[in-house]
Amino acid sequence: MVSIYGLFLIAAVMVGCAVFIPMAKREGLEKKTELPLALTAVLLGAVCGRLYLHVAKYVVNGMGFWGYTLLSDRPYEYAACGTALGIMLAGSLTAKMTKQKGWTVLDALAPAALFALAVARFGEHFSDFGWGQVLIDPI
């Protein structure tokens, strides 16, 4: 059985690609850049998100030093940070491989990554992955 969160992750990739293609045209990226960048961003985003999550788990739960007071005690929150780093790494690598300006590639990729991450985080609301606390008093 497919979980609802898995469906939201698939929708996040689709939304990210749908936003990225017009942005790539607007930024003037070559056609040969679009598919490798999209595939690399999805792959490195998933790998780096998982890797960053495990590093955060080790630092928060395993070491018990000053990092515990600086970092959140719920290391699952760090997977999104690792995903963002993976997407930026994918943009940089693709720019280097296709000999295009890195800032141009990252400018085309940033809105797509933002929308994809928003859809994935929205999916956490409908599954049991939202571990945030309820905000009662904002001050």
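Ala80, Ile87, Met88, Gly91, Ser92 and Ala95 of helix 4 are in contact with Gly102, Val105, Leu106, Leu109, Ala113, Leu117 and Arg121 of helix 5, in a model that is predicted.

The geometry of the pair can be described next. Two packed helices are described by the angle between their axes together with the distance between those axes. For helix 4, which spans residues 79–98, and helix 5, which spans residues 102–126, the axes come within 9 Å and cross at roughly 150 degrees. Because angles over 145 degrees count as roughly antiparallel, helix 4 and helix 5 are therefore roughly antiparallel to each other. The crossing in which helix 4 passes helix 5 is right-handed.

| Helix | Span | Residues in the contact |
|---|---|---|
| Helix 4 | residues 79–98 | Ala80, Ile87, Met88, Gly91, Ser92, Ala95 |
| Helix 5 | residues 102–126 | Gly102, Val105, Leu106, Leu109, Ala113, Leu117, Arg121 |

Turning to the whole chain, the secondary structure consists of five helices and zero strands, and the pattern read along the sequence is α-α-α-α-α. Of the 139 residues in the chain, 32% count as buried. The accessible surface of the chain amounts to about 9300 Å², and 70% of that surface belongs to carbon and sulfur atoms. Among the contacts in the chain between residues at least 6 apart in sequence, 70% join residues that lie at least 24 apart.

Note on methods. Residues numbered from 1 in each chain as written. Predicted model: local features only at pLDDT ≥ 70, side-chain atom pairs only at ≥ 80, totals over all residues. Heavy atoms only, no water. Axes fitted to C-alpha atoms, helices over the stretch in contact; angles between N-to-C directions. Helix = DSSP H or I, 4+ residues; strand = E, 2+ residues; numbered from the N terminus. Parallel < 35°, antiparallel > 145°, perpendicular 65-115°, else oblique. Left-handed = near helix turned anticlockwise from the far one by under 90°. Contact = heavy atoms within 4.5 Å. Buried < 20%, exposed > 50% of the residue type's maximum accessible area, 1.4 Å probe, protein only. Areas by Shrake-Rupley, 256 points an atom, 1.4 Å probe, with all protein chains shown as cover.
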